[in-house]
Amino acid sequence: MYPPIEPFAHGNLKVSDKHNLYYEISGNKEGTPVVFLHGGGGTDPTDRGFFNPEKYKIILFDQRGSGKSTPSASLEENTTWDLVKDIEKLRIQLGVEKWHVFGGSWGHPDRVKSLVLRGIFTLRKSELKFFYQEGASHLFPEAWEEYIAPIPESDRHDMILAYHSQLNSIDETIRNRAAKAWSKWEMVTSKLHVDPENIERASDDKFATAFARIENHYFINDGFMREGQLLEKQEIDKIRHIPTIVVQGRYDVVCPTTTAYALKKVFPELTLQIVPDAGHSSREPGIAKLLVEATNKFADL
């Protein structure tokens, strides 16, 4: 990754009467624009390091997604959180005609020059079941025990629903306990080699509550999409013309490789790179290396 740099501008995008979303800009003021989209976990200063600062005008933007890559323009008709409109507002506010996109969902496909995605997630019930109900539990039994601990045994048949109740409890103690357990489960499972610093983030009430409630909100509502929508031909046809590179950790249990493979089958034009010794995190060496190579490839597009 490229060395740390500081932003030369930042601001807030007003998206409703109650909400503002943070963005910042770094790199070359006259460079080709690239927007980095990240979900519930928020952006981090090291995210700027995925891009050559001499070539890119780097825009970091906290979207309202789940923190996972979704390969679609996300139809406006079903996105009650107006994600597409938020990103389009940002593009217009910054005076950008077209930009490269790194990360997750984006606005209008005709404004996208390239896509670099990592950890493909389409919010199908099978994906949610594997990680939050049964599947990853067989690989991380110790962490699973901590994850299910806040939930009464009688409610464990639907963990996402049970967590929804606790994460929205009027009792702050219940909310915080559930949020930290939910967040720790993802932090423990995100890397091939467990990172203690990553786990420590989940102990912070503010971070854990935001992270857990945002994710759970989308999951309990099926992403405001029909089952399998993001892999439908009519959806893929909207983005088929966009040069796309997907980097996927072989042992990613948060966003299992089967979903990236399913995307490749309906979108054969994309380049799928599977890292044999990595899990989910973009900070794992093999994943980070390929992500930087991808942005370097598209820098002059």
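**Close-up views of the domain interface and salt bridges**

Domain 1 and domain 2 bury about 2,100 Å² between them, 62% of it on carbon and sulfur atoms; buried area is the accessible area (1.4 Å probe) that two parts lose on being put together, summed over both. This is a predicted model, in which local features need pLDDT of at least 70 and side-chain atom pairs count only at pLDDT 80 or more, while totals for chains, interfaces and linings use all residues. Residues are numbered from 1 along each chain as its sequence is written, and side-chain values use heavy atoms, with hydrogens and water left out.

**View 1. The interface of domain 1 and domain 2.** Domain 1 comprises 7-123 + 227-298 and domain 2 comprises 125-224, with bounds from an automatic or database domain assignment. In contact (heavy atoms within 4.5 Å) are 26 residues of domain 1 and 24 residues of domain 2.

**View 2. The salt bridge between domain 1 and domain 2.** The two domains have 1 salt bridge between them, defined as a side-chain nitrogen of Lys or Arg within 4 Å of a carboxyl oxygen of Asp or Glu. The side of domain 1 that touches domain 2 consists of 9 nonpolar, 11 polar and 6 charged residues. In this classification Ala, Val, Leu, Ile, Met, Phe, Trp, Tyr, Cys and Pro are nonpolar, Asp, Glu, Lys and Arg are charged, and the others, Gly among them, are polar.

**View 3. The salt bridge of Arg124 and Glu127.** The structure holds 16 salt bridges; in one of them, the closest N and O atoms of Arg124 and Glu127 are 2.8 Å apart. Arg124 counts as buried because its relative accessibility is 17%, where buried means under 20% relative accessible area, exposed over 50%, and partly exposed in between (1.4 Å probe, protein chains only). Glu127 is likewise buried, at 4%.

**View 4. The salt bridge of Glu146 and Lys184.** These side chains meet at 2.8 Å, N to O. The pair links distant parts of the chain, 38 residues apart: Glu146 lies in helix H3 (residues 141-148) and Lys184 in helix H5 (residues 172-189). Helices (H or I, at least four residues) and strands (E, at least two) are DSSP runs, numbered from the N terminus. Glu146 is partly exposed at 43% relative accessible area, and Lys184 is partly exposed at 28%.

**View 5. The salt bridge of Glu269 and Arg240.** The N to O distance is 3.1 Å. Glu269 lies in the loop between helix H9 (257-266) and strand S8 (271-275), and Arg240 in the loop between helix H8 (233-236) and strand S7 (244-249). Salt bridges that share partners join Lys233, Asp237, Arg240 and Glu269 into one network.
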